[in-house]
Amino acid sequence: MNNRIKHQEEKDNPTKSEISRRDFFGLIWKSLGVLVGIEVLGSITAFFYSAKNKSTTVAKQLLEAGPVSSFGMNSVTAFMGGRFYLARLQDGGFIALSLRCTHLGCAISWEEKRKRFICPCHSSAFDINGEVLNPPAARALDYYPVMIENGIVKVDIGNLKERNTFNKEQLTYAQ
Ligand code: FES
């Protein structure tokens, strides 16, 4: 038998060792495929997990205003560093009002005597809730969410809320 015929026969009738070698390499390739699959799946999961976390954990910038008891009813306290006025209404509800006038953005000031905010630029006026009393401002003052934790009033100064009018849902009460 010449070499060519022998080689052809071996090709047509593989020996036991060749079969086990093929099985071995096949197993290796399958294992690699599974590993690559796991890696890809892990990467996709990590991507969506981090994207979900980013969307739900908007960083809060909480400014501690002070204990609830330090704010009287129907009072307004200026926090110029945080650029807001903390108002406590007659019923005990808190609201943190932006000091920017909603007309053209001038800084408003609180008139204790008349219990109102006044804008020095074009005389817009707002009540203690931030509601417009006098135009040209056409909508209520913007506000920041207030939280009360362990008796401490905190204002989220990174989360300015725009609004057209005041409503009671914008208030925060101590428990
Ligand atoms: S900017 Fe306040 S009234 Fe115009």
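Biologist: How many bridges join E2 to strand E3?

Modeller: This is a predicted model. Strand E3 covers residues 84-88, and E2 runs antiparallel to E3. The number of bridges joining E2 to E3 is five.

Biologist: Which strands stand at the edges of the open sheet, each with a single partner strand?

Modeller: The sheet has four strands, paired antiparallel, in the order E2-E3-E4-E9. Each edge strand has a single partner, so one side of each is left without a neighbour in the sheet. Those strands are E2 (75-79) and E9 (143-144).

Biologist: Is strand E11 mostly covered or mostly uncovered?

Modeller: Buried here means under 20% relative accessible area. Strand E11 spans residues 152-156, and four of its five residues are buried. Strand E11 is mostly covered.

Biologist: Which residue in E11 stands opposite Leu-63?

Modeller: Strand E1, residues 62-67, pairs with E11 in the antiparallel sense. Five bridges hold that pairing. Opposite Leu-63 stands Val-155.

Biologist: Which residue in the turn between E10 and E11 has a positive phi?

Modeller: Strand E10 (residues 146-149) runs antiparallel to E11, with four bridges. Glu-149 has Ile-152 in E11 as its bridge partner. The two strands form a hairpin with two residues between them. The turn residue with a phi of about 50° is Asn-150.

Biologist: What percentage of the protein chain's residues count as buried?

Modeller: The chain has two helices and eleven strands. It holds 175 residues, and the buried share is 32%.

How values were computed
Residues are numbered from 1 along each chain as its sequence is written. This is a predicted model: local features need pLDDT of at least 70, side-chain atom pairs count only at pLDDT 80 or more; totals for chains, interfaces and linings use all residues. Side-chain values use heavy atoms; hydrogens and water are left out. Buried means under 20% relative accessible area, exposed over 50%, partly exposed in between (1.4 Å probe, protein chains only). Two strands pair if DSSP finds at least two bridges between them.
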